[in-house]
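Subject: Structure handover

Hello,

Please find the structure below. My notes on it follow.

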Amino acid sequence: MGRLVVVSNRVADPRKTASGGLAVALGQALQASGGLWFGWSGKVVEGGTPGEGDVHLQTAGPVQLATVDLSREDHDSYYLGYSNGVLWPVFHYRLDLADFDAGFIGGYRRVNQMFAHKLAAMLRPDDVIWVHDYHLIPLAAELRNMGCQQRMGFFLHIPLPPPLILAAVPEHEWLMRSLFAYDLVGFQCEADVAHFSRYVGTETSADILGEHEFRAFGKTLQVQAFPIGIDVDEFAALGRGRDAIDMYEQMRDEYSRRRLLLGVERMDYSKGLPQRIKAFRQLLQNYPENLGSATLIQIAAPSRESVDAYAALRHELESLCGSVNGDFGELDWMPVRYIHRSVARKRLPGLYRAACVALVTPLRDGMNLVAKEFIAAQDPEDPGVLVLSRFAGAAEQMRDALLVNPYDTTRTAETMQRALQMPLEERQRRHQALLQQVREQDVHWWRQRFLNALNAVSAS
Ligand code: ADP
């Protein structure tokens, strides 16, 4: 295999574990073959010229990091506008929250063209290029326009919606046609592959050559599900660290008389936070034995705060949490602890371990790694219970979780109660099955399967 080139919107230094499992896994893949990681630097240049940006080169062991600055105009249209204001909501089935401003697409194309232009100058003929996520769908098409013939794969970290939802994006045909510039396209789960297949069958004149093979626009494309996992060993090692142990002991002492339910995510409307608080309210209402005991710790890290829909969500959540605390709280018991901050990654396993129940109830999620981290962090002798939305990609794999429909708050409350009451033996059995699955299909398995499949297809 030639040199690996990873392209993603953000680039992380693979030597820093604070970057998380994905960065570590991609960093390891890059280190194995020697490689280049290319993306946005995270820097926005006020008054910069659209379509232009300085390239910064850095060396991290055998890996070269190449990052490009964005002008304010490009950042606002490519990143905030088209990527996070159009593609993110539509791909998460939220047409109501999409901002179809016709001005955004120009910036999205311009940045992809600029990235392709800067990257093409660094490529070698036998490079294998792996592009990540919705910000960069047209990157391969732009590279092909410049004559690049390398093997190219694309992985979509978020869901692909059904054809009629996707069709709401004014440029859907162009986006889907752009995918055919790749040799391999990977999705998180089989449902996404089925949506792709249905789209191609109904909206294009492509030939469906097999379950995973499509031909259109003079190009054959392989499409498969590659569910992403976590680095279980890295996470287990974090769990044995001082910070995680301190966190666990602090929580255990602080909440010794309570039963903890835990939610951890970015503050995002795809995560089903208002529905979760409503279901928790019903838990307290319908099962009063939980009064004075059940405590929901909801950590929601700030995210994309300059996008309007996020500010509205924050206000709704604050008001829902406030009303549960006002209606049910006692002087010595606060039912909801809502924290609008992130938790240091080193401390996270301790928090997961202290919880009796994890509430991972997104309305739609590509995969959801919190579900897998929670399982990896449990004490197998006395594990907590995972309540998981059937609309998370992870639900295809994690069948031993308690699956819920997060829109159905009454049944979700019932499931929370079942989780709180679950006998030890059933908790152990479910945890063991889930842990085995999380371990077998970890992030290294994911990465290796994708790269093997990419290397197996004949290059363009
Ligand atoms: P998404 O990519 O949509 O944010 P995932 O669940 O797939 O959702 O991945 C989230 C990652 O970010 C996980 O590794 C999780 O541990 C981390 N994370 C999410 N929210 C927080 C938080 N509030 N504090 C610390 N880490 C968080």
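A polar contact here is a pair of N or O atoms within 3.5 Å; within protein, one must be able to donate a hydrogen and the other to accept it, and residues adjacent in sequence count only if both atoms are side-chain atoms. The model is predicted, so local features need pLDDT of at least 70 and side-chain atom pairs count only at pLDDT 80 or more, while totals for chains, interfaces and linings use all residues. Residues are numbered from 1 along each chain as its sequence is written, and side-chain values use heavy atoms, with hydrogens and water left out.

Ligand

A polar side-chain atom of Arg266 lies 2.8 Å from an oxygen atom of the ligand.

Second largest pocket

A pocket is an open set of points on a 1 Å grid over the protein atoms alone, where a 1.4 Å probe fits, with protein on both sides within 12 Å along at least five of seven lines; lining residues have an atom within 4 Å of a point. The second largest pocket has a volume of about 400 Å³, the volume being the space filled by probe spheres set on the points, which are joined across faces, edges and corners. Its lining has 21 residues, and Arg353, Ala354, Ala355, Cys356 and Asp382 lie nearest the centre. α9 (242–254) is among the elements that supply at least two lining residues, and its 3 residues are the largest share. Helices are DSSP runs of H or I with at least four residues, strands are runs of E with at least two, and both are numbered from the N terminus.

Cysteines

How many disulfides are there? The count is 0, a disulfide being a pair of cysteine sulfur atoms within 2.5 Å. The sulfur of Cys321 is too far for a bond, because the closest cysteine sulfur, in Cys356, is 19 Å away. Cys321 is buried at 4% relative accessible area, whereas Cys356 is partly exposed at 21%. Buried means under 20%, exposed over 50% and partly exposed in between, with a 1.4 Å probe and protein chains only.

Regards
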